[in-house]
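Good morning. I will take a few minutes to walk through one protein chain, going from the whole down to single residues. Please have a look at it first.

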Amino acid sequence: MGEGWHPYSGEVYVPSWWITNRGAKTQYITEEGGPYGILKADKMASLLRYRSSLYTMWVPVANQNGGPNNAPFHGYEGPKSNAFMQTIQGNESSYTLRANYWMMGAFSRYINRDAVRVSHNLGSATNVNPVAFKNPDGKIAVVVVNSNTTSQNFYISAASGQISATLPAKTVGTYVWTPTGAGTGTGTVTNYEAESQVNVVSSGDSTTAFADTSCSNGQCLSLLADGTNDNIAFTLNIPTTGTYDVKVGVKKGSSRGKLQMSVNNTNYGNVEDLYNSSFVYEELNIGLVPLTSGNQQIKFTVTGKNNSSTDYDLVFDYIKITKQ
Ligand SMILES: [Ca+2]
Ligand SMILES: [Ca+2]
């Protein structure tokens with residue numbers, strides 16, 4: 001049982017809103033027309049991310065006249081390009097696969113029946129539109145849509161690792177991998193309290209340890225950053241060389257900036273927005289990071305701030321690394 005939608009107008013988040021506000025019924029997009037081209041793939045990704053369990057396009061096949069019926073694409077969108085396939089009337093064995101066919105394939109070939117959607121944050125990737133699923137065979141499939149007129153670089157970061165990729169302009173890419181079981185937190189855990197680190201270097205902005213009973217060890221450390229590219233680096237003594245699952249405890253608030261973690265000038269994890277209208281304590285999941293034994297600098301750079309934020313501050317509680 002569930003509810004069907006034809007989202008010809010309105011917002012793409014309606015299925016999710018409906019579940020939240022009207023009770024958890026399964027949502028289905030049973031018919032959808034425009035927009036076309038890459039914007040269709042973009043809308044498809046959004047509708048699935050907003051918890052639709054189905055996506056059906058209106059027109060699978062049309063003939064060279066946009067028929068055989070009169071709907072739907074005569075005149076205003078052009079008759080040929082909006083179906084999956086175009087056939088020659090009276091000769092169905094002759095057909096041309098249209099762009100929508102390949103775009104739909106970027107989803108349907110890799111997201112298998114009974115796959116479940118994987119929740120994720122969007123990082124800073126307002127420039128690409130992703131949706132992620134876990135298939136019954138355990139594989140993760142992430143479909144990423146770049147609807148821009150320029151190529152886009154991005155990261156996909158998961159507990160089992162991180163990839164960086166580039167999608168050409170107006171392109172859909174699908175990324176499939178088998179989780180290796182990393183990130184399960186079974187290895188040795190080393191915890192570094194931010195406020196206890198003695199080797200801390202900033203971009204000249206002041207750092208202050210302050211008491212807070214909600215912080216681990218009763219204290220957190222603030223970086224009073226005031227602009228993009230301000231940064232703070234903690235030199236941590238890493239126990240052994242290897243791959244670590246890295247988590248960072250932070251205190252979010254209304255004056256916070258966005259951060260990007262890096263080690264030796266390589267970025268790890270997504271850009272994380274520490275803005276929140278009230279104080280909250282969260283653990284950022286950076287993902288897997290290769291670290292060398294001995295002193296290693298873990299750097300956090302301010303990449304900007306939320307429009308609602310009053311400043312670019314960062315507040316750290318701890319850095320926790322788990323050997324894989
Ligand atoms: Ca500064
Ligand atoms: Ca702490």
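This is a predicted model: local features need pLDDT of at least 70, side-chain atom pairs count only at pLDDT 80 or more; totals for chains, interfaces and linings use all residues.

The protein chain has three helices and 23 strands. Along the principal axes, its C-alpha atoms fill a box of roughly 80 × 40 × 40 Å. There are 324 residues, and 32% of them are buried. If we take the contacts with a separation of 6 or more, 65% are between residues 24 or more positions apart.

Now the domains. The chain is divided into three: domain 1 covers 1-109, domain 2 covers 111-183, and domain 3 covers 189-323. Where domains 1 and 2 touch, twelve residues of domain 1 are in contact with eleven residues of domain 2. Which elements give two or more residues to the domain 1 side? They are α2, residues 38-49, and α3, residues 99-108. Of that side, α2 gives the most, with eight residues. By type, the residues on the domain 1 side are eight nonpolar, two polar and two charged.

Strands of a sheet pair through backbone hydrogen bonds, and the pairing can be parallel or antiparallel. In this open sheet, four strands are arranged in the order β7-β8-β9-β12, and the pairing is antiparallel. The edge strands, pairing on one side only, are β7 at 116-118 and β12 at 171-177. On average, neighbouring strands are turned by 25° against each other, ignoring direction.

Look at the β7 end. Strand β8, residues 129-134, runs antiparallel to β7, and three bridges join the two. Arginine 117 stands opposite phenylalanine 133 in β8. As for the helix, α2 lies across β7, β8, β9 and β12, and runs at about 50° to β8.

In soluble globular proteins, nonpolar side chains tend to be buried together. The largest nonpolar core here has 31 residues, and those touching the most other members are Ala194, Val246, Val248, Leu314, Phe316 and Ile319. Several strands supply at least two residues each, including β18 (242-252), β21 (280-291) and β22 (294-304). The element that gives the most is β23, with six residues.

Take valine 248 as an example. Not counting residues up to four places away in sequence, valine 248 touches Met261, Leu284, Ile286, Phe316 and Ile319. There is also a second, separate core of 25 residues, which includes Met44, Phe107, Ile111 and Val144.

My last stop is leucine 291, which is in strand β21. Is leucine 291 buried or exposed? Count the other C-beta atoms within 10 Å of its own: a residue needs 20 or more to be called buried. Leucine 291 has 21 of them, so it is buried.

What is leucine 291 in contact with, leaving aside its neighbours within four places in sequence? The list is Ile238, Gly242, Tyr244, Val263, Gln296 and Ile321. One more pair to find on the model: leucine 291 and asparagine 264 are 27 residues apart in sequence, and their C-alpha atoms are 9.9 Å apart in space.

That is the end of the tour. Thank you.

Technical notes:
Residues are numbered from 1 along each chain as its sequence is written. Chains are lettered from A and ligands numbered from 1 in the order in which they are written. A residue is buried if 20 or more other C-beta atoms lie within 10 Å of its own, exposed if 12 or fewer, and partly exposed in between; C-beta atoms are placed from the backbone. Two residues are in contact if their C-beta atoms, placed from the backbone, lie within 7 Å. Domain bounds come from an automatic or database domain assignment. Ala, Val, Leu, Ile, Met, Phe, Trp, Tyr, Cys and Pro count as nonpolar, Asp, Glu, Lys and Arg as charged, and the others, Gly among them, as polar. Two strands pair if DSSP finds at least two bridges between them. Axes are lines fitted to C-alpha atoms, for helices over the stretch in contact, and angles run from 0 to 180 degrees between N-to-C directions. A nonpolar core is a set of buried Ala, Val, Leu, Ile, Met, Phe, Trp, Tyr and Cys residues joined through C-beta atoms within 7 Å.
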